[in-house]
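Hi,

Here is the structure I promised to pass along.

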Amino acid sequence: SEGRHVRRTAYHFQPAKNWQNDPNGPMYYNGMYHFFYQYNPHGALWDIGNLSWGHSVSGDLVNWAALDTAIDPTAPFDINGCWSGSATILRGGTPAILYTGIDANKEQVQNLAFPKNPADPLLREWHKPSYNPVIPLPADVPGDKFRDPSTAWLGRDGLWRIAVSAEVSGVASTLVYRSADFVHWERNDAPLHSSRAAGMVECPDLFPVKAHGEEGGLDTSASGAGVSHVLKLSVMDTLQDYYMVGRYDDAADAFVPAEPERGDDVRNWRRFDYGHVYAAKSFFDARRNRRVLWAWANESDSQADDVARGWSGVQTVPRKLWLDKDGKQLRQWPIEEIETLRRKRVGLRRNTMLSAGAMNEIVGVAGAQADVEVAFRIPSLEEAEALDSNWLLDPQKLCGEKGASVPGGVGPFGLIVMASGDLQEHTAVFFRVFRHDDKYKVLMCTDLTRSSARAGVYKPPYGGFVDIDIEERKTIKLRTLVDHSVVESYGAEGRACITARVYPEHVETSNSHMFVFNNGTDKVKVTKLEAWELAAATVNVGDEGLIVS
Ligand code: FRU
């Protein structure tokens, strides 16, 4: 055998080969997790007419068995491609899928599919009724701008609702459709959201969260006291996902934002991830009573690289998602099942003080397949650099100007991962604390500028401000998952996430190193550091992921 390719991930979701993009129709049904995804069965690149729904099943959201594609472009209503959509568990307990078909006229329409045999524990085959499309292209929407039906939810009137993205008279809109039987759908006059500024938006997701900081999830149809809603949209313009928390009113099918000051332009809303992810989709995991989010992380090297490797695209690890106590900010954390992959564990002496310029190696675990959790205590904020208000608008640029190697006052401190022995290649994940208007602002960055010696790879600094009161807490935590070509980081207990794709060259021939560092003049204390080597999960190779009775 030619061996495992160094870029292939060990525990992130990937098909065995070929192109994947958006997560589609994730669900828990009959004791099994199902994951579908935009898949080109014919090659490593996205190809407008060749999209199918890839399909895998799992007992634990970590190990996956690949099945045949679930939905393929075979009918007049989807002959030019089966695009993104979502699954809904209907009242009788069986699932249904709504997805976008590119029809024989190359127009986007919404179609319905059912399992051929709901008793099949794997739901291998899907039936597309000949009465499709269930929602044809509306007269006021262009043929290439009507797509991505969401999971449906039930209103108190007993009608199903879905959200669909559309451009209506040049305005990016999230439309709501209602149905009594899941087959006949009627559009609500007013969209759930619209924006003149944002360009086309895609992949809408509307879901309930507990309003008061509890971590447990809610069924997509939950409403009433103690429930807030999240509207998530993907903006084509920036290839970024944004969300707003608010109140959803099922009588009017209207959404009232909790932060109206952010306006209608989705690009000013909050972000799930300041890195390289898109087209996120959540589902309610009834087995563990939580909401789980998936998102696509595209490659950052070239199409020629994709073709040479024979594959492109990974998914983030599934993330548990809930609303922070402040009622505005979502928190995310890798599902706990990932921890079953933890093997060799190493630590650092408790309360290791990191002075200016300190760099302590984390030895003993393979640095290309690791999970690191570290807590930094900041004894003094005295040296925090002053921050000009202009910088508040562009944290990513700030991460570029003030990278890990630019000494500061409080920070930069954090982790260096995927480092070659000579440090020529390395990826830094770090915090930096600024003083602003007698308050403090915490910046989190993942700096890829030195991640690979190769040219022609996208190596930006990524970053965002972290919503915490560092003066009161004095401690900030970081968890980073390293997986060959993925560096996925969770700052401040899931308040800020940054997912990056990296392509260091040294991994072809040698090991990767990890360090904890401080490059600020103020000391920081590492009150806790644990690092694990992670075992490889079984992801779409062989059939060990499958537990079928
Ligand atoms: C988002 C998207 C969706 C579409 C799908 C096609 O990445 O453009 O809007 O349904 O990908 O693959």
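**Pockets and cysteines**

At least three residues from each of domain 1 (72-334) and domain 2 (342-534) go into the lining of the second largest pocket. Before you load it into anything, keep in mind that this is a predicted model.

Staying with that second largest pocket, its space comes to about 590 Å³. It has 26 lining residues, and Asp 22, Glu 202, Leu 239, Tyr 278 and Trp 296 are the closest to its centre. Strands S1 (18-29), S5 (82-89) and S20 (290-297) are the elements that each give two or more residues to this lining, with S1 giving the most, three residues. By class, you get 11 nonpolar, nine polar and six charged residues there.

Now the largest pocket. It holds about 840 Å³ of space and is lined by 29 residues; nearest its centre are Arg 262, Tyr 274, Leu 392, Pro 395 and Phe 465. Two or more lining residues come from each of strand S17 (240-249), H2, S32, strand S33 (461-466) and helix H3 (470-473). S32 has the largest share, at four residues. The lining of the largest pocket splits into 13 nonpolar, five polar and 11 charged residues. Here too, domain 1 (72-334) and domain 2 (342-534) each supply at least three residues to the lining.

On to the cysteines. How many disulfides are there? The count is one: Cys 399 pairs with Cys 445, with the sulfur atoms 2.1 Å apart, inside the 2.5 Å cut-off. Cys 399 sits in helix H2 (residues 395-401) and Cys 445 in strand S32 (residues 439-447), so the bond ties together parts that are 46 residues apart in sequence. The torsion about the S-S bond is about -80°, so this disulfide is left-handed. Is Cys 399 buried or exposed? Cys 399 is buried, at a relative accessible area of 1%, and Cys 445 is buried as well, at 1% relative accessibility.

Why is Cys 82 not bonded to Cys 203? The closest cysteine sulfur to that of Cys 82 is the one in Cys 203, and it is 15 Å away, which is too far for a bond. Cys 203 is in no disulfide.

Cheers

Definitions and conventions
Residues are numbered from 1 along each chain as its sequence is written. This is a predicted model: local features need pLDDT of at least 70, side-chain atom pairs count only at pLDDT 80 or more; totals for chains, interfaces and linings use all residues. Side-chain values use heavy atoms; hydrogens and water are left out. Buried means under 20% relative accessible area, exposed over 50%, partly exposed in between (1.4 Å probe, protein chains only). On a 1 Å grid over the protein atoms alone, a cavity is a set of points where a 1.4 Å probe fits but cannot get out, and a pocket is an open set with protein on both sides within 12 Å along at least five of seven lines; lining residues have an atom within 4 Å of a point. Grid points are joined across faces, edges and corners, and a volume is the space filled by probe spheres set on the points. Ala, Val, Leu, Ile, Met, Phe, Trp, Tyr, Cys and Pro count as nonpolar, Asp, Glu, Lys and Arg as charged, and the others, Gly among them, as polar. Domain bounds come from an automatic or database domain assignment.
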